[in-house]
Amino acid sequence: MSVDNIDQVTVLGAGNMGHGITEVVAMAGYDVVMRDIEQEIVEDGYEDIEWSLEKLAEKDRLEEEPEGILERIETAVDLESAVADADLVIEAAPENLEIKRDIYGDLEEFTSDHAILASNTSSLPITDIAEATDRPEQVVGMHFFNPPVKMDLVEVIYGEETTDETAETTYEFVESIGKTPIYVRKDVRGFVVNTVLGPFGDEAAWMVSEGEAGIREVDATMVHERGYPMGPFELADLTGIDVGYHVRKEAGQPIPPITEEKVEDDELGQKTGKGYYDYEDGDGADYGHEDASEEFDWLRIEARMINRAAELVGDDVATPDAVDTGMRLGAGFPEGPCRRADKLGLETVLEKLEELHEETGEARFAPADYLVERVEAGETGEDAGAGFYEYGDDGGDREYRNLNVLRDDEVLAIELDRPERMNALSEDLMDEIEHVLETADLETVRCVTFEGAGDRAFSAGADIGGFAGLEPWEAGEITSMFETVNDFPRPTIAKVDGYCLGAGHELALACDMRIATADSAFGFPEITLGLLPGGGGTQRAIRMIGEARAKELVFRGEPIDAETAEEWGLINRAVEDDEFEDVCEEFVGDILEGPPVALDFAKKVMNRGQDTDLEAALTMESQSFGLLLSTEDVMEGTAAFAADRDPEFEGK
Ligand SMILES: C/C=C/C(=O)SCCNC(=O)CCNC(=O)[C@H](O)C(C)(C)COP(=O)(O)OP(=O)(O)OC[C@H]1O[C@@H](n2cnc3c(N)ncnc32)[C@H](O)[C@@H]1OP(=O)(O)O
């Protein structure tokens, strides 16, 4: 069955995950039946969907009225009628193998032969669930993250019998509801995200148990120096210390003493008012920047996560890209462990694991074969040209992980592709932009466009998580990207649809022209972070819109709407959504029809002239004018004018 044959979806379960999945599927345009075992549970779930859709509508995040989406949702208690017409059943029942197997036994009987049966389990083997049916080849894992409306990732998991057809259709279905799927090709415990995430909390707990570090020190260093969204202990308190404890127990893994103590004392985290931090009589996870420490051995935690990633890659469970996407979208990591390992150097990671393994004899430090093989092959990461990823040479055959780059005839279209972070500019992303531009073929490229993936932002600024551990002298390396954009010898256009803030705004200002949808917002919120725009924003804005307005933007940190930005001269056009692409195409079209050499000279003269005195600038202009007089393009331009036809410039 292909995704085009999926019209009717049934979600089993109206609890947190069930109603969230129902909402997401209905928002994508599918008819959904949401079923649970009691009318009251179904009604509660439906009300939660109504509430959530209302909130999304208030934030202008829906493409249609909530009523239209609700009309596609039916509720049910009777299982047989709920699944009778379903092409896809997404089961989100409690995480209990017996309950799930009972349900699948019934589904076997009540669903049509072609239906795909997907389980939203986060911890149970798909193979064991599938055994309850006579068609295990049509059973697949479909692991959404909580809350489904917000979280982009879905793991698509193969059971032992799942066919490619089932998994591929499921994968395409996930894409069709606007989520990002990753394949988990073998039915391993914890799938990808929880497998890699495990050591984050586990190793931190061992280190504290062994007196190597304090709780605040670990959390602060991992957040403020290594860029994780939350410290391991804060995360454990949020998810429940008993949850991780039971997962380890079931897997037969040793439990760190500090975790054992917390479970024995029933101090399980936020839900009991106390865990590693005190939420009732204390201030909760109250660690700060000052608690971070240079002595803390963060590599011990990261090496273990990378080792897990290497096991998954080596065992063909997931590709490095799937692992990294999973950790970025599912766990909010600033970058995936495979990419981080390639930057750290695989030999550094291996050394750390070997050293710990030798010292302690603990199995958890035993290096994965894949890691050892890569290092033995000299593929130790980015500096070596290959590691988890291939880096190619600098000639342009590089795979971009943060950009979508489309070279369509003469237009180089660059899409910032981190929608889960509002396309925030990470160090890697900026490095990739520089690489695209520096390796662009100037024989063919005549115009460059920048836009943001997703429907919320061009870019919400520099990646705030990426400031972690950044030294002052490294700032210069990062800002070089803006100059590369500014100086690129072809016209550049920023296509802004949504938030355009901070460094994202500075990227747009480094472009030659900016076109925006009316509901876009332009601002420099850096001051609210105790910073100033560091990618040329203060200087470009003051030159474009004058001192008063530039200082208003920078000092107040408040964004302005696109109409105001147009009135102030910060952007070229503010247009309605439905005109946006047409207007952008008109701008691009005019540039493609224009004379490349004259455009190049005009850009240089106008950019450089702004910062020289008028006399020097006029000299530069007249020299360029003189040089252009001898080009073939000028002959063509004047001949076309005389013949009353459109010129065909060749850039000569
Ligand atoms: C030299 C240059 C320096 C700079 O550029 S400094 C950065 C300047 N920019 C900012 O300060 C803007 C920060 N972002 C925001 O204020 C808000 O976002 C928005 C107003 C743009 C949107 O708010 P909402 O609609 O509530 O979305 P959400 O939940 O805040 O964002 C969705 C996810 O995107 C992440 N994110 C947004 N901006 C950034 C950023 N600049 N760096 C890193 N992550 C960012 C969030 O954290 C969150 O992620 P999760 O879903 O995991 O919580």
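The end C-alpha atoms of residues 190-279 lie 29 Å apart, and this span is 60% helix and 0% strand. Helices here are DSSP runs of H or I with at least four residues, strands are runs of E with at least two, and both are numbered from the N terminus. For residues 300-391, the end C-alpha atoms are 26 Å apart, with 63% helix and 0% strand. An unreviewed UniProt entry places the feature "domain: 3-hydroxyacyl-CoA dehydrogenase C-terminal" at residues 190-279 and 300-391; UniProt positions follow the numbering used here, feature names are shortened, and annotations may be inferred rather than shown by experiment.

The model is predicted, and local features need pLDDT of at least 70, side-chain atom pairs count only at pLDDT 80 or more, and totals for chains, interfaces and linings use all residues. Residues are numbered from 1 along each chain as its sequence is written, and side-chain values use heavy atoms, with hydrogens and water left out.

The chain is divided into domain 1 (3-184), domain 2 (193-296), domain 3 (300-384), domain 4 (403-586) and domain 5 (595-642), with bounds taken from an automatic or database domain assignment. The centres of domain 2 and domain 3, taken over C-alpha atoms, are separated by 22 Å. Their contact (heavy atoms within 4.5 Å) takes 22 residues from domain 2 and 21 residues from domain 3. Between them, the two domains bury about 1900 Å², 64% of it on carbon and sulfur atoms; buried area is the accessible area (1.4 Å probe) that two parts lose on being put together, summed over both.

Across the interface of domain 2 and domain 3, six salt bridges are found, each defined by a side-chain nitrogen of Lys or Arg within 4 Å of a carboxyl oxygen of Asp or Glu. Arg-300 forms a salt bridge with Glu-203, with the closest N and O atoms 2.7 Å apart. On the side of domain 2 that touches domain 3, α8 (193-209) and α9 (215-225) each supply at least two residues. The most is given by α8, with twelve residues. By class, this side of domain 2 has 13 nonpolar, four polar and five charged residues; Ala, Val, Leu, Ile, Met, Phe, Trp, Tyr, Cys and Pro count as nonpolar, Asp, Glu, Lys and Arg as charged, and the others, Gly among them, as polar.

By the salt-bridge rule, the count comes to 40. Side chains of opposite charge can pair when their charged atoms come close. Lys-352 and Glu-355 meet in a salt bridge at 3.7 Å, N to O. Because Lys-352 and Glu-355 are three residues apart in helix α16 (residues 346-360), about one helical turn separates them.
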